[in-house]
Amino acid sequence: MIEPFGNIHPLLSIVVHAAIPLTIILVYALAAIWGERKIAGFIQDRLGPMRVGGWHGWAQSIADLLKLIQKEDIVPKDASRFLFKFAPFMMFAASYAAFAVIPFSSAYIGSMINIGVFYLLAVTSILTLSIIMAGWASNNKWSLLGGMRSAAQMVSYEVPTIATVLTVIVVTGSLNLMTVTEMQSGNDILGFLPNWFIFQNPFLIVAFIIFFISILAESHRVPFDLPESESELVAGYQTEYSGMRWAMFMLAEYADMLLLSLLGATLFFGGWNSPFGDFMGGPVWGFFWFMLKGLLLVFVMMWIRWTLPRYRVDQLMHICWSILIPVSFINLVLVALWEMIF
Amino acid sequence: MIEAISNSTERREMVINMGPQHPSTHGVLRLELVLDGEVIEQVKPHIGYLHRCFEKYAEEMGDYAKVIPYTDRMDYVSAMNQEHGYVLAMERMLEIEVPDRVEYIRVIMAELQRIASHLLGIGAFGLDLGAFTPFLYLFTEREKALDIFERSSGARLLYNYMAVGGLMRDVHPEFKTDVADFVKTFRPKIKELNDLLSYNKIFVKRTADIGVIPEKVALNFAASGPVLRGSGVKWDLRKNDPYSIYDRFDFDIPVGTGEMGTLGDCWDRYMVRVKEMEQSLGIIEQALDGMPDEGDVTEAIPKRIRPKEGEFYVRTESPRGELGYYIVSDKSAGPFRVKARAPSFVHLSMLPAISKGSLIADMVAIIGSIDIVLGEVDR
């Protein structure tokens with residue numbers, strides 16, 4: 001177990017390990033919401049937030065957060081009160097808990113368990129449950145439709161996600177994300193390319209593309225944002241939520257986006273490894289590189305969101321079951337063969 | 001809902017209200033949907049949420065000219081075309097000869113408004129399908145057209161610009177250069193739109209073969225405008241029954257081709273609008289060339305309106321289809337009866353016939369593609 005804080009009391013250690021990812025998520029969420037609005041503005045030929053805080057509206061998300069805290073917490077009369085109130089927190093808890101196994105730098109990982117990837121995929125499955133919970137408990141037909149769509153979508157897209165993650169696991173032979181990252185250090189491919197899995201063999205590029213499409217669907221981003229498609233289902237499972245509970249959904253969604261992007265960065269882009277070998281390496285730079293890679297993937301997700309229209313629910317399923325899943329499994333076999341031969 | 005779970009073996013439909021507060025019903029339309037899962041079994045449109053008694057108001061006002069501002073408020077997205085139809089009907093009734101300059105300005109305004117209206121229609125259609133960015137791009141262009149209206153008439157949405165026998169006031173001095181600039185900058189934007197949205201694979205997948213209106217159905221429901229032309233019928237009042245000075249211009253009537261799927265699907269109707277904008281640009285260019293530079297636009301406006309007794313009907317091609325005004329006069333200063341034939345109302349009545357068996361997401365696409373304006377449906 002890597003312990004950057006020396007020998008401290010176990011209870012204190014738990015608090016510290018819980019606080020670090022939480023801080024990262026909160027800072028990231030505030031920045032990412034502002035960033036998304038600025039990126040949208042840039043893509044759409046407008047300015048985005050400009051007023052709050054002076055410089056390019058940097059304090060806009062903070063102002064929004066303060067507004068949301070003050071809002072009334074409305075629970076519909078016929079809602080299932082406990083489930084309705086509990087769902088947003090459960091959703092956030094699921095994506096937050098998964099950060100425990102993400103290796104933020106060579107010196108820091110929340111929990112060094114040997115089944116890291118397995119744990120991460122298992123914990124994020126709870127997201128589906130909380131969305132159905134929110135959709136059903138609201139006692140609103142639009143919410144219910146959103147919840148059902150989301151359940152179908154997430155369950156389906158988990159299959160290609162897991163299949164592509166498995167592809168990488170075939171190469172590494174380890175489920176521990178720290179080990180996976182360590183295996184990608186060095187710059188040996190063609191003499192200068194880093195040893196990231198994306199460069200290691202051509203099938204892993206295919207795997208990454210499938211993985212990226214699947215995480216778009218898993219985190220409900222355009223073109224797969226059907227559970228909350230505002231032009232069809234009003235706001236899907238979030239329709240009846242207001243104030244902080246709604247903010248928790250947003251937070252969870254952004255956290256989920258970051259989590260899956262970081263997972264992608266770990267599996268395919270060398271995690272905290274510097275692209276220049278030892279140059280700019282080390283734990284602190286490692287954190288920088290890791291977040292940079294993750295945020296770049298998040299940026300691509302935002303870029304896609306502001307460019308493409310949305311798929312229809314049956315087309316979404318078609319893409320998953322008749323394209324992504326067969327291709328990802330064939331790819332898995334090919335990668336395994338490649339590993340046997342070379 | 002709890003009941004539904006406990007009798008889960010029994011097949012039950014869900015009745016759901018889409019609107020009047022729903023993001024993609026284009027105003028205050030309410031649809032009663034009977035759903036089986038996400039498949040629509042029945043649609044019942046409910047209208048009347050925006051009813052403002054246009055016809056009664058026209059009767060009670062006691063002045064023909066005072067009806068013009070109200071025609072603006074029918075289809076507020078294409079107010080110039082609404083005014084145009086009404087003043088043409090009035091002029092037929094009073095047998096007024098309108099100066100050439102007025103006619104040209106009216107045509108330019110009407111075609112600019114057609115472009116502005118289609119820009120909104122197309123943009124909102126994209127928005128319904130989840131494409132946010134094209135909507136804002138198109139709005140930037142629409143703003144430029146509205147700027148021209150603002151400089152000439154003083155208003156951006158509801159102009160009250162056309163008068164019986166003329167115009168309220170002359171256009172602003174730089175009108176010709178402004179319009180020419182707009183035409184020049186707008187042409188390349190249509191290509192940009194086609195690259196970004198029209199031929200986008202997801203967009204085509206969402207619109208092709210959806211909401212198909214066969215030619216026969218379109219004719220039976222008396223559809224008109226882009227909805228009818230999307231089904232492959234070459235019918236445009238500007239060509240088939242020319243009014244104003246449209247017989248002087250050379251332009252095509254774009255019709256649906258079934259290029260991406262079935263003839264008469266959402267994509268065809270969308271594409272007809274895109275192509276119509278190009279044709280409108282051509283008309284504007286020709287009108288700019290032919291427009292006389294001098295002339296009093298208010299000279300033919302009658303001091304007092306002295307109508308003869310009788311019934312008059314004039315139909316024009318508004319961006320949404322055939323817009324007709326039926327006016328009954330009893331020789332008094334105000335109309336005895338004014339009835340407007342609104343294309344959106346007709347198109348909305350087609351909805352149950354064309355959307356059965358489609359998904360909720362298709363429903364949104366269908367409403368977007370027939371491009372209704374609720375102000376005109378309810379009047």
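Analyst: The second largest cavity is lined by N81(B), H84(B), G85(B), A110(B), Y243(B), T316(B) and E317(B), a cavity being a set of points on a 1 Å grid over the protein atoms alone where a 1.4 Å probe fits but cannot get out, and lining residues having an atom within 4 Å of a point. The model is predicted, with local features needing pLDDT of at least 70, side-chain atom pairs counting only at pLDDT 80 or more, and totals for chains, interfaces and linings using all residues. Residues are numbered from 1 along each chain as its sequence is written, chains are lettered from A and ligands numbered from 1 in the order in which they are written, and side-chain values use heavy atoms, leaving out hydrogens and water.

The volume of this second cavity is about 30 Å³, counted as the space filled by probe spheres set on the points, which are joined across faces, edges and corners. At least two lining residues come from each of α4 (79-94) and β6 (310-318) of chain B (DSSP runs, H or I of at least four residues for helices and E of at least two for strands, numbered from the N terminus), and α4(B) gives the most, with 3 residues. By class, the lining has 2 nonpolar, 4 polar and 1 charged residues (Ala, Val, Leu, Ile, Met, Phe, Trp, Tyr, Cys and Pro are nonpolar, Asp, Glu, Lys and Arg charged, and the others, Gly among them, polar).

By this rule the model holds 2 cavities of 30 Å³ or more, and the largest cavity, with about 40 Å³ of space, is lined by residues of chain A, namely M91(A), L127(A), I131(A), M154(A), E218(A), S219(A), H220(A), E253(A) and D256(A). Two or more of these residues come from each of α5 (126-137) and α11 of chain A, and the lining comprises 4 nonpolar, 2 polar and 3 charged residues.

Helix α11 (243-268) of chain A, together with α1 (10-43), is also among the elements that cover the buried residues of α2(A), where cover means contact, with heavy atoms within 4.5 Å. In α2 (residues 60-70) of chain A, the buried residues are Q60(A), S61(A) and L68(A) (under 20% relative accessible area, with a 1.4 Å probe and protein chains only). Seen down the axis of α2(A), these residues fall within an arc of 90°, so they line one face of the helix, the arc being that of the directions from the helix axis to the C-beta atoms.

Note on methods. Buried < 20%, exposed > 50% of the residue type's maximum accessible area, 1.4 Å probe, protein only. 1 Å grid on protein atoms, 1.4 Å probe; cavity = no way out; pocket = protein on both sides within 12 Å on 5 of 7 lines; lining within 4 Å.
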